[in-house]
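I opened a new notebook page for this structure.

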Amino acid sequence: MNNFSNEEFDCHFLDEGFTAKDILDQKINEVSSSDDKDAFYVADLGDILKKHVRWLKALPRVTPFYAVKCNDSTTIVKTLAAIGTGFDCASKTEIQLVQSLGVPPERIIYANPCKQVSKIKYTASIGVQMMTFDSEVKLMKVARAHLKAKLVLQIATDDSKAACHLSVKFGATLKASRLLLEQAKELNIDVIGVSFQWGAAALILRSSCRPSLIPAVSLTWELRLIPTCIYLILVVAFLDLRM
């Protein structure tokens with residue numbers, strides 16, 4: 001087994017004949033013989049790469065944004081940054097972490113559901129323009145603090161099959177979406193797309209964006225066993241509300 005280690009990384013490349021179990025056994029022996037019985041976890045970076053390729057093949061028009069709050073390990077975030085993934089950041093700290101790894105502002109979306117005006121101003125100061133909204137209050141905050149923002153409307157979905165129903169707390173209904181889009185147009189704020197989230201342990205998702213919500217488009221997804229750490233951004237060019 002080859003490995004490289006420093007203060008930030010502890011990665012092993014498996015040579016032929018070695019398995020992940022060998023790594024685990026070695027780590028357990030090291031921890032057992034140490035006075036510091038610290039917890040540890042093991043992640044397969046190769047599996048992350050395989051899932052990324054699978055995503056691009058299955059949904060080439062959908063840009064995945066990784067929710068940093070799921071696992072902010074520098075190794076994992078740096079791996080995703082290297083392959084061009086976008087990042088869903090919910091705090092100033094998460095944005096700083098991602099940017100410290102060389103991720104440009106256009107690959108970051110500020111998606112905290114309860115945005116403080118001070119944080120919106122911060123994102124404006126560093127060039128992060130994409131952010132989510134699902135209510136009039138959030139729209140007005142952006143209008144006051146970030147005139148160059150490019151908003152993504154978070155819509156409510158049917159996550160009745162999920163263990164945790166996020167649509168109860170987040171996401172605009174069809175009726176509310178129409179009003180929010182009209183108001184964004186009046187405020188001259190760009191809305192560049194739509195997004196949705198669903199709760200943990202959602203084994204099957206069937207969701208439709210009706211033409212009445214998004215002009216000239218009808219999309220249907222049937223996604224199975226998709227991890228909740230992936231945040232979907234559907235970038236639709238025809239949602240140019242300045243027209």
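Below are my entries, from the whole chain down to single pairs.

**Ground rules.** I am working with a predicted model, where local features need pLDDT of at least 70, side-chain atom pairs count only at pLDDT 80 or more, and totals for chains, interfaces and linings use all residues. Residues are numbered from 1 along each chain as its sequence is written, and side-chain values use heavy atoms, with hydrogens and water left out.

**Whole chain.** I began with the secondary structure and found seven helices and eleven strands. Helices (H or I, at least four residues) and strands (E, at least two) are DSSP runs, numbered from the N terminus. Next I checked burial: 41% of the 243 residues count as buried. Buried means under 20% relative accessible area, exposed over 50%, and partly exposed in between (1.4 Å probe, protein chains only). I looked up the accessible surface too, and it comes to about 14100 Å². Carbon and sulfur atoms hold 55% of that surface. These areas come from the Shrake-Rupley method with a 1.4 Å probe; for residues, only the protein chains shown count as cover. Then I turned to contacts (heavy atoms within 4.5 Å). Of those between residues at least 6 apart in sequence, 51% join residues at least 24 apart.

**Cysteines.** How many disulfides does a search of the whole structure find? It finds zero. A disulfide would be a pair of cysteine sulfur atoms within 2.5 Å. I noted two cysteines anyway. C89 counts as buried because its relative accessibility is 0%. C114 counts as exposed, at 59%.

**Strands β7 and β8.** I looked at β8, residues 190–196. Six of its seven residues are buried, so the strand is largely enclosed by the rest of the structure. Strand β7 (residues 150–154) runs parallel to β8, and five bridges join them. Two strands pair if DSSP finds at least two bridges between them. Within this pairing, V152 stands opposite G193.

**Salt bridges.** I counted four. The rule is a side-chain nitrogen of Lys or Arg within 4 Å of a carboxyl oxygen of Asp or Glu. One of them joins D190 and K150, at 3.6 Å from N to O. This pair links distant parts of the chain, with D190 in β8 and K150 in β7, 40 residues apart. D190 is buried at 17%, while K150 is partly exposed at 30%.

Another joins D47 and K51, at 2.6 Å from N to O. Both lie in helix α2, four residues apart, about one turn of the helix. D47 is partly exposed at 32%, and so is K51 at 46%.

I also found K138 with D134, their closest N and O atoms 2.8 Å apart. Are these two buried or exposed? Both are buried.

**Helix α6.** K138 belongs to helix α6 (residues 136–145), and it is among the buried residues there, with L139, V142, A143 and A145. I checked what covers them: the cover includes α5 (117–125), β6 (130–133), β7 and α7 (174–186).

**Loops.** F40 lies in the loop between α1 (20–32) and α2 (45–58). F40 is partly exposed, at 34%. G102 sits in the loop between α4 (92–100) and β5 (108–110). G102 is exposed, at 57%. Its C-alpha atom is 9.0 Å from that of A82, 20 residues away along the chain.
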